[in-house]
Amino acid sequence: MDVRIGLVGAGWMGKSHTSSFVNALMLFGPESGKPVFEIVSDVSDEAARAAVEKLGYARYTTDWNEVVTDPNVDVVDIATPNYLHYEIAKAALENGKHVYSEKPLTLSYEESAELAKLAKEKGVVNYVGFNNVMNPATHYIKELISSGQLGTIMRFSGTYDQDMLLDEELPITWRHINKFSGSGSLGDLGSHLISVSQYLLGDIENVNALSKTFITKRPIAPGSPELAQVENDDTISVLATYENGAIGTLSSSRVATGRKNYLAYEIQGTKGAVHYSLEKLNEVNVYFTSDEEVNRGYRTVFLGPNHKGFKALNPATGIAIGFNDIKILEVHELLSAVANGTEYICDFEFGSRVDQTINAILKSVSVQKWIKVKDKEEVPL
């Protein structure tokens, strides 16, 4: 079945989506959905034209409205800055399109919940690009939890740190302005950690958070002496309780000195524990209390063909996979849902619950109190 793609946003993420579609076809075959690159849109005429020439789209436009109303488009693929997700996704859904949006779904829980409700009413595939959920390591850890091998889960501790914005000479971008990004490191990096955490343990119930902006002003352009105000968090730390009774500590930072792509977490249960870091993507460290006491200790499990999703990418354990491979698994799940009606994890409802947690965290920061996630009410001490 042909799945005709209309891409909005021809930057790095748009290119990543497109290359993943190409590789998904090669690895999984047309029976899982054959992507057809129908039209691409970008505000930059030059970028849109380049996407036609380099990425293989048949046509281009600088007006995304032409994509969401195009009768030859089946899936609207949104790879724009955060603040555009809601408007484009809503218009696409109203035109009966399947929608594939980069994360976070929108800037607020209310907008995301509205999109989730609309997508359900329209009966279309609605997918949020939380790629770390599709990591074979995440599925392996999920199986360890679901099978009871870790016992009762007591604690999740995790962080997503990068030092990408540590240089104070880097100019201000849309990521630093709330009306465009919604939040800082929380929405950009923390949303990935929350997505993995809530997929593995279930929803977070209460949060208590604090944040800080360390680089409060940045140049308005490279080398400019004129500075603009940074509006959101460089780093954030969160105490959390989960609906399943576990407790958690979650954090993220975009100025984390020395850390390049450090999404790392540990889960402790009554029978075992897991530690994982995205900087060592192919290794999951596990510990089981059932081991003989003399041999007890963390050991490393290398991802391989026995772990969900891996076999399509590489034939043998120890051959490393990377970011783009996980994106391939993500778009394969999307294509298969459109072509064959298969189930998928990261729908708009899932994305809205991540945004609900983010909104509660932001409120906790503002009032400096515990906040109940599902109604954003203060939690009595």
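Which strands does helix α10 (residues 348-367) lie across? Helix α10 lies across β8 (204-212), β11 (235-242) and β17, and runs at about 50 degrees to β8; axes are lines fitted to C-alpha atoms, for helices over the stretch in contact (heavy atoms within 4.5 Å), with angles from 0 to 180 degrees between N-to-C directions. The model is predicted, so local features need pLDDT of at least 70 and side-chain atom pairs pLDDT 80 or more, while totals for chains, interfaces and linings use all residues. Residues are numbered from 1 along each chain as its sequence is written, and side-chain values use heavy atoms, without hydrogens and water.

Helices (H or I, at least four residues) and strands (E, at least two) are DSSP runs, numbered from the N terminus. Nine strands form an open sheet with mixed pairing, in the order β16-β15-β14-β13-β7-β12-β11-β8-β17; two strands pair if DSSP finds at least two bridges between them. At the edges, β16 (299-302) and β17 (371-372) each pair on one side only. Helix α6 (residues 136-146) packs on this sheet, touching β7 (153-161), β13 (262-269), β14, β15 and β16, and its direction makes about 15 degrees with that of β15. Five antiparallel bridges join β14 (residues 272-277) to β15 (residues 283-288), and Val284 in β15 is the bridge partner of Tyr276.

Helix α8 (residues 185-201) is largely enclosed by the rest of the structure, because 16 of its 17 residues are buried (under 20% relative accessible area, 1.4 Å probe, protein chains only). A bend of about 40 degrees occurs in α8 at Ser191, taken between axes fitted to the seven residues ending there and the seven starting there. Just after α8, Gly202 adopts a positive phi of about 95 degrees.

Definitions and conventions:
Buried means under 20% relative accessible area, exposed over 50%, partly exposed in between (1.4 Å probe, protein chains only).
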